[in-house]
Amino acid sequence: MKRLMISFLALAVLGFFAAPPASAQLVVWWNKSFVPQQDEAFKEIVQKWEKKTGKTVDLSFFALPDHPAKVLAAFDSKIVPDVDFGQIVNVQTGTFAFQDKLLEISDVLNPIRSRFTEGALRACDFLNGATGKRGVYSFPIMQHGVNIHYWLDMLQAAGFKESDIPKQWKPFWELWGEVQKRLRAKGERVYGLGITYSVESTDSWQQFYHFMEAHRVRFLDDNGKLQVDDPKVRQGIIDTLEDFTQPYKAKNVPPGAISWKDIDNNLNFNNRQVVMVINPTLSIPGSFLGKNDDYYYNKIRTLRWPAAPDGGLFTLRVSVHNGFIPKDSKNKELAKDFVRFLLEPENLDLFTKASNGAFFPVLKESLQDPFFVSADPHRAAVYKNFMENPTRPYDVVLNRKFVPVETENLIGRACGRVLSENWTAAKAVDEMFARMKQLLAD
Amino acid sequence: MARSIAASRISTAPGRFGSDSAWGVILVIPYIVVFVFVVVYPILYGLKLGSSAESYRKLFQDPIYLKSAWNTLVFLIVAVNLKLLIALFLSGFFYNTEAWIRWVGIIFLLPWAAPSLPSIFSIRWMFNSEWGMINGILFRLFGIDGPLWLVKPDLAFGLVIATHIWKNLPFWTLILLAGRMAIPKDHYEAANVDGATRFQAFRFITFPGIKNLYITSTLLSTIWSVGDFNSVYLLTGGGPWDATHVLSTLGIRYAFNIGDIPTGVATVITALPLVVPIVFVLIRRLGKGE
């Protein structure tokens with residue numbers, strides 16, 4: 001009996017320490033899409049790879065906000081997936097590469113570089129702090145810009161036609177205030193514009209970057225060097241902040257926009273609380289496709305950006321969503337094989353299209369595909385934005401030290417200083433620059 | 001006879017299956033293993049992560065840190081004391097034995113029993129400035145837009161405190177109610193015979209009877225409230241503009257939003273000078289049987 005008890009305890013202790021049975025040969029962590037069909041498309045790609053290679057994949061989907069914590073904890077514990085893709089994690093990819101946490105995969109990407117757009121490739125190239133060399137540390141999946149949508153029926157209810165929407169910068173933004181005024185006169189509790197000013201949302205800084213580009217000003221030059229000590233840059237950003245916050249000051253934006261999370265501008269627009277909204281990706285109209293086609297095809301419109309205040313086209317910022325293979329992956333070669341398979345045009349195309357076109361392709365050949373070019377009114381507007389305006393990646397791609405500027409959301413904080421604490425734009429910008437320099441010095 | 005046979009069997013057990021002390025050691029091993037892996041290791045690992053001076057330099061440079069430390073202090077002082085004070089009075093109400101009060105008691109317990117995520121999200125949606133229920137009613141009744149509940153930092157932080165109280169009040173009311181019920185009823189009967197008023201009965205019988213429990217509850221609630229992440233994170237997310245962060249949410253912001261785990265741990269460690277003395281006082285009080 002004594003022996004039996006001791007054996008039982010020994011087994012229990014051994015069981016505690018024993019590793020789980022190794023069933024899957026490749027561990028893949030993937031961002032759960034807003035569109036269920038996109039998850040299904042990815043599962044289909046995984047199954048095809050499993051069938052082709054005879055290997056198995058342990059696939060886990062993580063919700064957008066949960067994914068970064070999971071990845072950071074994985075790097076910390078060194079128990080990492082073999083392949084990872086996450087939209088929010090993307091902002092940190094440069095930091096991970098610098099910290100020598102990612103596998104250099106130029107042998108995967110270089111032979112097929114000609115397939116991808118230049119911007120997509122640029123967003124995969126990072127500096128490794130341990131080796132001091134730049135390299136390919138991620139692979140491109142899809143990309144998106146920032147789009148403008150409006151409710152056509154609400155515009156018409158205010159007495160305007162589509163053709164009344166100005167193409168010039170200032171009149172364009174003023175129109176929505178006028179629409180609000182007329183709709184409110186009819187007893188509707190609505191706001192003209194859905195612009196995000198909060199710290200909690202990534203939308204706020206993505207929108208602000210477009211206003212900066214329209215004002216012909218940037219934080220970093222092409223080499224990733226901070227240029228905020230240039231008086232012209234400082235003045236340009238002060239002007240941008242004043243311009244960006246003006247609709248809120250004029251009470252043409254819902255007051256809650258200063259504490260919106262990423263989903264809140266979608267909700268306000270979908271609830272017809274705002275007439276127009278600025279939002280990355282086509283997720284807003286996409287949420288109605290197949291559920292309310294009248295809204296998708298007839299009532300919601302996607303616009304091209306107006307001309308810059310000086311009358312010319314301005315550069316649009318593009319966010320490339322890329323995946324990576326952690327350096328501590330236990331199946332590096334298998335992971336590379338999976339990535340090569342995923343980057344085959346038919347697979348990547350399947351995955352991108354399954355987002356209901358919410359994302360724009362990174363494959364050059366897809367840029368000729370009618371699916372993106374002309375088959376759909378929303379995608380056609382995005383296509384024109386991408387193809388007719390110059391594009392540029394966000395600053396984290398140019399300088400990985402810029403990551404905390406965006407994760408702390410200094411732009412959202414500057415908006416708060418102006419809108420909540422009545423600071424002048426100049427004072428808020430100076431505070432933002434001081435913190436920016438502090439963060440970049442670390 | 002049967003009992004004595006059983007007793008004699010039990011008394012022979014150590015001889016057949018080993019000594020009592022050996023069994024004691026064997027049976028405590030699983031607990032020690034779990035304790036080491038679930039308590040000791042995470043604490044030591046956390047201290048290691050938060051041991052870099054660089055993390056503290058970064059932390060103290062960040063203007064949000066001081067604001068969050070101040071918020072934590074205000075949160076603890078206001079929320080804990082207000083909650084315990086209301087619980088003290090409500091425990092007097094629920095001390096009554098009428099049937100309808102018992103029914104009210106059941107409803108009163110619901111916020112405590114309900115999961116935090118849906119209940120706090122519901123509050124957040126109710127107080128949404130544009131399409132929340134509260135401001136919707138105000139607009140319908142009076143044609144006004146209503147207060148910017150989660151937009152103005154002071155109002156938002158006030159709502160955070162109110163949510164914390166709403167969620168935890170039932171538990172502390174129950175604790176203090178149990179304390180009241182432990183006071184012998186004849187004390188009140190004697191006071192009644194002597195013509196004591198309700199206030200005098202509370203002052204000279206109830207409060208001395210539950211004073212130690214009240215103080216212990218306050219200390220315990222303070223320790224728990226330092227780590228109250230849900231009330232802030234789910235309601236305001238630390239916003240607007242990071243103005244309602246407390247140290248627990250700021251730590252998460254550093255660790256997972258910014259991706260700097262050491263600074264996140266360091267943030268939480270800076271709350272230790274506040275928590276450790278309270279734990280020390282609490283343990284001493286419990287040791288004295290207070």
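Q: What do local features and side-chain atom pairs need here, and how are things numbered?
A: It's a predicted model, so local features need pLDDT of at least 70 and side-chain atom pairs count only at pLDDT 80 or more, while totals for chains, interfaces and linings use all residues. Residues are numbered from 1 along each chain as its sequence is written, and chains are lettered from A and ligands numbered from 1 in the order in which they are written.

Q: OK, sheets. In what order do the 4 strands of the open sheet in chain A come?
A: The order is S8-S9-S7-S10, with mixed pairing. Helices (H or I, at least four residues) and strands (E, at least two) are DSSP runs, numbered from the N terminus, and two strands pair if DSSP finds at least two bridges between them.

Q: Which strands stand at the edges?
A: S8 (191-194) and S10 (300-303) of chain A; each has a single partner strand, so one side of each is left without a neighbour in the sheet. From one strand to the next the twist averages 20°. Angles run from 0 to 180 degrees between N-to-C directions, and axes are lines fitted to C-alpha atoms, for helices over the stretch in contact.

Q: How many bridges join S7 to S9 in chain A?
A: There are 5, between residues 146-151 and 274-280 of chain A, and the two strands run antiparallel. A:His149 stands opposite A:Val277 in S9(A).

Q: Which helix packs on that sheet?
A: H11 (residues 262-270) of chain A, touching S7, S8 and S9 of chain A, and its direction makes about 150° with that of S9(A). Contact is when the C-beta atoms of two residues, placed from the backbone, lie within 7 Å.

Q: Back to S8. Is A:Leu193 buried or exposed?
A: A:Leu193, which is found in strand S8 of chain A, is buried, with 24 other C-beta atoms within 10 Å. The cut-offs are 20 or more other C-beta atoms within 10 Å for buried, 12 or fewer for exposed, and partly exposed in between, with C-beta atoms placed from the backbone.

Q: What does A:Leu193 touch?
A: Leaving out residues up to four places away in sequence, A:Leu193 touches A:Trp176, A:Pro247, A:Asn252, A:Val253, A:Val274 and A:Met276. A:Leu193 and A:Ile278 are 85 residues apart in sequence but 8.2 Å apart in space, C-alpha to C-alpha.

Q: And S6 of chain A, how many of its residues are buried?
A: 6 of the 6 residues in S6(A) (residues 139-144) are buried, so to speak mostly covered. 5 bridges join S6(A) to S11 (residues 316-324) of chain A, running antiparallel, and A:Met142 has A:His321 as its bridge partner in S11(A).

Q: Switching to helices: at what angle do H10 and H20 of chain A pack?
A: About 60°, with the axes of H10 (residues 231-249) and H20 (residues 410-419) 10 Å apart. H10(A) and H20(A) are therefore oblique to each other; under 35 degrees counts as roughly parallel, over 145 as roughly antiparallel, 65 to 115 as roughly perpendicular and the rest as oblique.

Q: Which residues make the contact?
A: A:Leu241, A:Thr245 and A:Tyr248 from H10(A), with A:Ala414, A:Cys415, A:Val418 and A:Leu419 from H20(A).

Q: Last one: how many residues of chain A are in contact with chain B?
A: 34 residues of chain A, against 26 residues of chain B. H1(A) gives the largest share of chain A's side, 5 residues.
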